[in-house]
Amino acid sequence: MAVQISPSILAADFARLADEAAAVPNADWLHVDVMDYHFVPNLTLGLPVVEALRKATATPLDCHLMIADPDRWAPAYAEAGAGSVTIHAEAAKAPVRTLREIRSLGARAGLALSPATAVEPYEDLLGEIDMLLLMTVEPGFGGQKFLDIMLPKIRRARALIERHGGRIWLQVDGGVDAETIGRCAEAGADVFVAGSAVYGAADPAAAIDALRATAASQSG
Ligand SMILES: O=C(CO)[C@@H](O)[C@H](O)COP(=O)(O)O
Ligand SMILES: [Co+2]
């Protein structure tokens, strides 16, 4: 699978989101971190901002829902035009129903696992998803240090995905930068979220090109 880069707008200037989206024309996705003060101790943005962003950019939106009730809200993000909607396994009470609803609305369905959540118990859900998101920091904030202890989990997830036909994208999110992306790619990730490493750079588009090149050089 070709490397994909999904810059997180959590690290962008929220007062200039349309300009910040335009600053990364080479991004495959725009990663939109939705937080609700309940699932995580932070509050970011919700449906009205996703709807506005949808109109402001042609880049597909990769919505990462860090919210307490994804079963209730995830379909609305697909209806708002997100290209991909990812729910957390720790929060969803009816993940199969919710993932099916996301897909039926035309979006890709993602399942996210926080660092302490093992991937193996979710093997039976792999047929319901298009992307598995492994958090490589505790969810809630950008700018945290990459957790190296997640590398074996990335390898195990890649092996599981391959056993199921290799169709599912494997996304890593948190602390992904020029120094850590190569290890993630080598371990089997193929979609890379990067917030600070892109929007903290003087030239965000050049930072994406550099991240993509490093990941491509390390992926198997
Ligand atoms: O979901 C999250 C944080 O909960 C991420 O998407 C962060 O926004 C990534 O930011 P960096 O770690 O790359 O700065
Ligand atoms: Co995220």
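## Ligand shell, annotated sites and core

The shell around ligand 1 holds ten nonpolar, eleven polar and two charged residues. Here Ala, Val, Leu, Ile, Met, Phe, Trp, Tyr, Cys and Pro count as nonpolar, Asp, Glu, Lys and Arg as charged, and the others, Gly among them, as polar. This is a predicted model: local features need pLDDT of at least 70, side-chain atom pairs count only at pLDDT 80 or more, and totals for chains, interfaces and linings use all residues. Residues are numbered from 1 along each chain as its sequence is written, while chains are lettered from A and ligands numbered from 1 in the order in which they are written.

**Shell.** Of the 23 residues around ligand 1, Ser8, Leu10, Gly142, Gly195 and Ser196 come nearest. A residue is near the ligand if its C-beta atom, placed from the backbone, lies within 6 Å of it. At least two shell residues come from each of β2, β3 (61-66), β8 (191-194) and α7 (196-199). Helices (H or I, at least four residues) and strands (E, at least two) are DSSP runs, numbered from the N terminus.

**Annotated sites.** UniProt, in an unreviewed entry, lists Asp33 and Asp173 under "active site". UniProt positions use the numbering given here, feature names are shortened, and annotations may be inferred rather than shown by experiment.

| Residue | Strand | Other C-beta atoms within 10 Å |
|---|---|---|
| Asp33 | β2 (residues 30-35) | 24 C-beta atoms |
| Asp173 | β7 (residues 169-173) | 27 C-beta atoms |

Asp33 is buried, and Asp173 is buried. Buried means 20 or more other C-beta atoms within 10 Å of the residue's own, exposed 12 or fewer, and partly exposed in between; C-beta atoms are placed from the backbone.

Contacts (C-beta atoms, placed from the backbone, within 7 Å) leave out residues up to four places away in sequence. Asp33 touches Ser8, Leu10, Thr44, His64 and Met66. Asp173 touches His64, Leu133, Met135, Thr136 and Val193.

**Core.** A nonpolar core is a set of buried Ala, Val, Leu, Ile, Met, Phe, Trp, Tyr and Cys residues joined through C-beta atoms within 7 Å. The largest one has 72 residues, of which Val85, Leu132 and Phe192 touch the most other members. Strand β6 (residues 131-135) gives the most to this core, with five residues.

Key:
Two residues are in contact if their C-beta atoms, placed from the backbone, lie within 7 Å.
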